[in-house]
Amino acid sequence: AGTAAFDQRQCPDTPQTYHARQQPSPAWQPPQQSQELFGPFPRARSTVLQQKLNEVAVDAEALRRRVDEALARPHIHPAELQQILKTADSLQAKTQLPDSELERLAWPTQVLAQMREAAGCLE
């Protein structure tokens, strides 16, 4: 007799409506995962690679010029050889990329290998 019909609009935080508000809207879609994801990183591997190369591009070019200048002379002083190799090792450690990836920056892979061999003979 004295009971009125329950109107949810009067009580918006009832469990039924609270639960309904927590659900994502039908238009929401979870982000699509690309095949190019690199491990747990959210960026594509190619993006990460390009970023690393961009970070050392200027230094890699300076190293390349230094190597070319050293090769243009008839002799390389052992201290200069060690310094070139130290710079190359530092750049490679910074990027954590193999020679094959660094070659995109005209990385002197073959010359550095020869220099490492020569430095090994000097020790």
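Trainee: How are H2 and H3 oriented to each other, roughly parallel or roughly antiparallel?
Mentor: Roughly antiparallel. H2 and H3 pack at about 165°, and angles over 145 degrees count as roughly antiparallel, under 35 as roughly parallel, 65 to 115 as roughly perpendicular and the rest as oblique. This is a predicted model, where local features need pLDDT of at least 70 and side-chain atom pairs pLDDT 80 or more, while totals for chains, interfaces and linings use all residues. Residues are numbered from 1 along each chain as its sequence is written, and side-chain values use heavy atoms, without hydrogens and water.

Trainee: How far apart are the axes of H2 and H3?
Mentor: 10 Å. Axes are lines fitted to C-alpha atoms, for helices over the stretch in contact, and angles run from 0 to 180 degrees between N-to-C directions.

Trainee: Which residues of H2 meet H3?
Mentor: Among them are Val 56, Ala 60, Leu 63 and Val 67. On the H3 side, the list includes Ile 84, Ala 88 and Leu 91. Contact means heavy atoms within 4.5 Å.

Trainee: Switching topic. What elements does the chain have?
Mentor: Five helices and zero strands. Helices are DSSP runs of H or I with at least four residues, strands runs of E with at least two, numbered from the N terminus.

Trainee: And H5, what does it span?
Mentor: H5 covers residues 109–122 and reaches 20 Å from its first C-alpha to its last. That is close to the 20 Å expected at 1.5 Å a residue, taken as 1.5 Å times one less than the number of residues.

Trainee: Which residues of H5 are buried?
Mentor: Thr 109, Val 111, Leu 112, Met 115 and Ala 119. They sit on the same side of H5, because their arc is only 155° around the axis. The arc is that of directions from the helix axis to the C-beta atoms. Buried means under 20% relative accessible area, exposed over 50%, partly exposed in between, with a 1.4 Å probe and protein chains only.

Trainee: What's on the other side of H5?
Mentor: Gln 110, Gln 114, Glu 117 and Cys 121, which are exposed.

Trainee: What covers the buried residues of H5?
Mentor: The cover includes H2 (45–72), H3 (78–95) and H4 (99–102).
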